[in-house]
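I opened this notebook to record what I looked up in the structure. The entries follow the order in which I consulted it.

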Amino acid sequence: MSVQVARMSGMKELVKAINFACVKHTDQRRKDAAKTPYINHPVGVMHILCEEAGITDIPTLMAAVLHDTVEDTDTSTQEILEAFGEEVAGIVKEVTDDKNLPKAERKRLQVVNAPHKSEKAKLVKLADKLYNLRDLSKETPQGWTEERVKDYRLWASKVCTGLVGTNSMLEGNLQAELASHGVKFPCPEK
């Protein structure tokens, strides 16, 4: 297969993943005052990977745009596997929380499991946290107190500390974002 054919095939798969995510997240909204369409988030995570981290690996970018489909829609891991293959499904599965667990346990497991993720899952996780932290800097989600925002930043720092060594550009941007709110990254206490 020529490089051009492979590139075109990869582009088609990426567009297919973007379309899939758009359909799955159609009726969802972010928790900001404007109720921004939720799809802005996974597309934004993919954009961070491309623009800020220099990631061009198609399965990683596909997983980025699909990263919340299993966790936040009626999508199954099997559906991702059948539509996008084993590699993409594996990355998505790695970054998906088990919604059957209590929220506090899910958050604890993200901190504990972060260092053990694959490199591609770590990239998606770093970009996801960076996107969410930037959103928090723009506007407090409806129903969130300042204490909850502060707690999220501290927790995100702990999760991302377990991902250090994955991508210096993302880590530098996370450090700058957290430092602007007085949060240390990497987090001194793990």
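**Entry 1: contacts and overall form.** I note at the outset that the model is predicted. I began with the contacts of the protein chain that have a separation of 6 or more: residues 24 or more positions apart account for 68% of these. I then looked up the secondary structure and recorded 9 helices and 0 strands. Read from the N terminus, the order of elements is α-α-α-α-α-α-α-α-α.

For the overall dimensions, I compared the radius of gyration with the value for a compact globule. With 190 residues such a globule would have a radius near 16 Å, and the protein chain has 16 Å, so the two agree. Along the principal axes, the C-alpha atoms fill a box of roughly 50 × 35 × 30 Å. I also noted that 45% of the 190 residues count as buried.

**Entry 2: the nonpolar core.** Which residues touch the most other members of the largest nonpolar core? Among its 49 residues, I found these to be Leu 49, Leu 66, Ile 80, Phe 84, Val 88 and Leu 170. I next listed the helices that each supply at least two residues: H1 (3–24), H2 (40–51), H3 (58–66), H5 (77–94), H7 (119–138), H8 (146–161) and H9 (168–179). The most is given by H7, with 9 residues.

I followed Leu 170 further. Neighbours within four places in sequence set aside, Leu 170 is in contact with Ile 48, Leu 49, Ala 53, Leu 123, Leu 126, Ala 127 and Leu 130.

**Entry 3: H3 against H5.** I looked up the packing of this pair and recorded an angle of about 95 degrees, with the axes 9 Å apart. Angles of 65 to 115 degrees count as roughly perpendicular, and H3 and H5 are therefore roughly perpendicular to each other. On the H3 side, I listed Pro 59, Thr 60, Met 62, Ala 63 and Leu 66 as making the contact. The H5 side contributes Ile 80, Phe 84, Glu 87, Val 88, Ile 91 and Val 92. Sorted by class, the contact has 9 nonpolar, 1 polar and 1 charged residues.

**Entry 4: Cys 187.** Is Cys 187 buried or exposed? Its relative accessible area is 11%, and the cut-off for buried is under 20%, so I recorded Cys 187 as buried. Residues up to four places away in sequence not counted, Cys 187 touches Ser 157, Lys 158 and Thr 161. Thr 161 lies 26 residues from Cys 187 along the chain, yet their C-alpha atoms are separated by 5.8 Å.

Note on methods. Residues numbered from 1 in each chain as written. Predicted model: local features only at pLDDT ≥ 70, side-chain atom pairs only at ≥ 80, totals over all residues. Heavy atoms only, no water. Core = buried A, V, L, I, M, F, W, Y, C linked by side-chain atoms within 4.5 Å. Buried < 20%, exposed > 50% of the residue type's maximum accessible area, 1.4 Å probe, protein only. Helix = DSSP H or I, 4+ residues; strand = E, 2+ residues; numbered from the N terminus. Contact = heavy atoms within 4.5 Å. Axes fitted to C-alpha atoms, helices over the stretch in contact; angles between N-to-C directions. Parallel < 35°, antiparallel > 145°, perpendicular 65-115°, else oblique. Nonpolar A, V, L, I, M, F, W, Y, C, P; charged D, E, K, R; others polar. Rg over C-alpha atoms; globule rule 2.2 N^0.38 Å.
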